[in-house]
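This briefing concerns a protein model and the meeting of its chains. Please consult the sequence and structure below before reading on.

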Amino acid sequence: MIIQLICAFVATLGFGMLFGLRGKTLFIGAFGGLLSWLCCLLVMGAQEDAYIGYLAAGAFCSLFGEICARIFKAPATVFCIPAIVPLVPGNSLYRTMAAIVVKDLDGARAFGTATAQYAFSIAAGVSVIWAAFVIAENIFNRKKKKKGKI
Amino acid sequence: MTLTEKEEELLLGALLNIGEKMLLCGAEVHRVENTLQRMGTAYGAREMDVFVITSTIIVTIVFGDGREYTQSRRITSPYGTDLLCIEKLNLLSRKCCKEPMPPEVLALEADKCASSVSLPLFLIGSMLASGGFAVFFGGTLIDGAAAAVFALFVCLLQKTLAPVCPNTVSFNAIATFLTGVLICVSAHFLPVLNIEMIISGVIMLMIPGIMITVSMRDIFIGDTISGVMRFVECVLHAAAMACGFMLAIFVTGGVL
């Protein structure tokens, strides 16, 4: 697990460089990658369901992005995208391809479906937190406007 | 801020430039629409109609005196992920909303927001990402080191082959085929290498995983057309990659 977390940090750091991040933002993004994978592992361990793990990790990435955006005054995407990197299902995509090559169509179907479901779970997690923040922001802005009128 | 007719037209052009840059850097559609909306309003627009999909931006601005301008921009360049550029454009829009600058200055400032990753950073980043993922998926340190070396080959292809390919689909298919053949042949001569882990690591450099997530989020939050367009594009890119690697594994079948 520790090796995986270190690798998640290193890989996210690499992607952060490719995404044009520099200095403090780069390391915060890489740390986000490490935390998102930790979150995925913990939830997967507790729930024994990979999709719930990816859903929770996706939600964590979005939450991490929104919180960092408010602290560092930058768009949430800058922190959220690197955090998602370790969750991208590259290995299951490879397995889908490998199954097709050896004509194991059942395996290909299973891995292909899993790949799509991982992506779906991450996106659903990210969207839920995003929607919650937009609702909270709208309520806050309305209250502010009302106060201003009074 | 009161603008002349010429300045109003200039402002619209600058806003379209900013929107285009944001999209090409991988910003979400709603973010682009929101940014352009706020900026236009900050310049005194009475009404701002912004329509953004991944291939087109259409903006209509109505100013207080009733003058109305509409312009559209077709986006044909391939998308990337440039978070630094998004950050710079976000800062510019915040600054502009607080204190609008003359449209010609805005256009110049937007042009300055380009960021390009230097070659050493591009190489180091690719090696770290690819090597890191090879070990992350269960490979040994040797697999990680090998994936980092093959990442250099992918970088070489991205710099030399990508500019001459007609689109990302063809680039992905050719690049993955060449990389796949190289990995399989290397694994034949160096049995210590684990093909699965190395390909999984290298694949991460080209897989549109982030774009798929962004496209699904676009669909979830209501930007259905953009989300579906991006999603279909991602599926095509991933399918091209899969075809390239599959062909490489077929061609080097004896090695496996």
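Helix α2 (residues 23–47) of chain A comprises 25 residues and spans 36 Å from first to last C-alpha, close to the 36 Å expected at 1.5 Å a residue. The expected span is 1.5 Å times one less than the number of residues; helices (H or I, at least four residues) and strands (E, at least two) are DSSP runs, numbered from the N terminus. The model is predicted: local features need pLDDT of at least 70 and side-chain atom pairs count only at pLDDT 80 or more, while totals for chains, interfaces and linings use all residues. Residues are numbered from 1 along each chain as its sequence is written, chains are lettered from A and ligands numbered from 1 in the order in which they are written, and side-chain values use heavy atoms, with hydrogens and water left out.

**Helix α2 of chain A**

- Buried residues (under 20% relative accessible area, 1.4 Å probe, protein chains only) of α2(A) include A:G29, A:G32, A:G33, A:W37 and A:C40.
- The buried residues of α2(A) pack against α1 (2–18), α3 (50–72) and α4 (76–84) of chain A, and also against α3 and α5 of chain B.
- After α2(A) comes A:E48, with a positive phi near 55°.

**Helix α5 of chain B**

- α5(B) has 18 residues and reaches 25 Å from its first C-alpha to its last, close to the 26 Å expected at 1.5 Å a residue.
- Among the buried residues of α5(B) are B:F122, B:G125, B:A129, B:G132 and B:F136.
- These buried residues pack against α1 and α2 of chain A, together with α6 (141–160) and α8 of chain B.
- B:G138, which follows α5(B), has a positive phi near 115°.

**The interface**

- Chain B contributes 48 residues and chain A 47 residues to the contact (heavy atoms within 4.5 Å).
- About 4,400 Å² is buried between chain B and chain A, 78% of it from carbon and sulfur atoms; buried area is the accessible area (1.4 Å probe) that two parts lose on being put together, summed over both.
- On the side of chain B that touches chain A, the elements giving two or more residues are α2 (29–42), α3 (83–98), α5 (119–136), α8 (195–206), α9 (209–220) and α10 (224–251) of chain B.
- The largest share of that side, 11 residues, comes from α5(B).

**Chain B overall**

- Chain B has 10 helices and 3 strands.
- Of its 256 residues, 53% count as buried.
- The C-alpha atoms of chain B fill a box of roughly 75 × 35 × 30 Å along the principal axes.

Note on methods: Buried < 20%, exposed > 50% of the residue type's maximum accessible area, 1.4 Å probe, protein only.
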